[in-house]
Amino acid sequence: MSNTLLRVHPSELKIPYEYKRKRSCCMQLTNKTNQYVAFKVKTTNPRKYSVRHACGILPPRSSCDITVTMQAPVEMLSDYHCKDKFLVQSVAVGYGATMRDFVPELFTKAPGRVIEEFKLRVVYVAANPPSPVPEEEEEEEEDASPQSEVMSHGVKMTSVFDAVTVSTLTDRSADKVSSAEGVSVESMLVAEREYPVEENQKLQQQMELLRAARSSQQGFSAMFVLLVFMSSVCIGHFMKQIKV
């Protein structure tokens, strides 16, 4: 039977289905006549759904929003098939009627009373459907991948170059220290000829100790060699004064 009193929108209730979370949807009732119309909303599963403004009276050409809330589901569904339905009943009432005039007997069949019904089925939909990624963003991500690989390769090459540079500088520093030590040793050998035999023997012993220490520890600093040389000169000078 066609509805001449109320227009119901939408024609089906689409409710997002989410595990352990309440979800709601709305429908709108519009009075298409110049009469006052009483309505009542019923469901096949009243324990599962709650309806706000489940009944009321609409003045002529007015509208009313109905909110349907589904209780939090306690199980996951393999599909979104639902057998639940809603029924909207409407009937014309006297002009100027209010909720005080609303009684259950209004929707009881009686001679001369026309009760219209509109059925809506419940449809479950995904709560958070995945948003499609634009093709342009996908192409940008693909183009960015080779660049990141090139950048990482450049970082690796820079690290290797730095390591080689540090190694080269270290080798050059070691060569300079060895050269300084060689010059100090040669100067000590030249000074060795200018002192008496006893002092030369002491100097030779110290030089042997110095060579032994140098062979065991891969090179002393030039400052250490200079200190040894100065101590040897002082000792020789001191021995010379004693003899005099």
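Visitor: Which side chains does a polar contact of 2.5 Å join?

Guide: A polar contact is a pair of N or O atoms within 3.5 Å; within protein, one must be able to donate a hydrogen and the other to accept it, and residues adjacent in sequence count only if both atoms are side-chain atoms. Here the side chains are those of R23 and E18. This is a predicted model: local features need pLDDT of at least 70, side-chain atom pairs count only at pLDDT 80 or more, and totals for chains, interfaces and linings use all residues. Residues are numbered from 1 along each chain as its sequence is written, and side-chain values use heavy atoms, leaving out hydrogens and water.

Visitor: Is R23 buried or exposed?

Guide: Buried means under 20% relative accessible area, exposed over 50%, partly exposed in between (1.4 Å probe, protein chains only). R23 counts as buried because its relative accessibility is 19%. Of the protein's 244 residues, 28% count as buried.

Visitor: What does R23 touch?

Guide: Contact means heavy atoms within 4.5 Å. Leaving aside residues up to four places away in sequence, R23 touches residues including I15, V68 and A127.

Visitor: Where is K119?

Guide: Strands (E, at least two residues) and helices (H or I, at least four) are DSSP runs, numbered from the N terminus. K119 lies in strand β9, residues 116–126. R23 is in strand β3, residues 23–31. The protein has 9 strands and 3 helices.

Visitor: Is K119 buried or exposed?

Guide: K119 is exposed because its relative accessible area is 63%. Beyond four places in sequence, K119 touches S11, F86 and L87.
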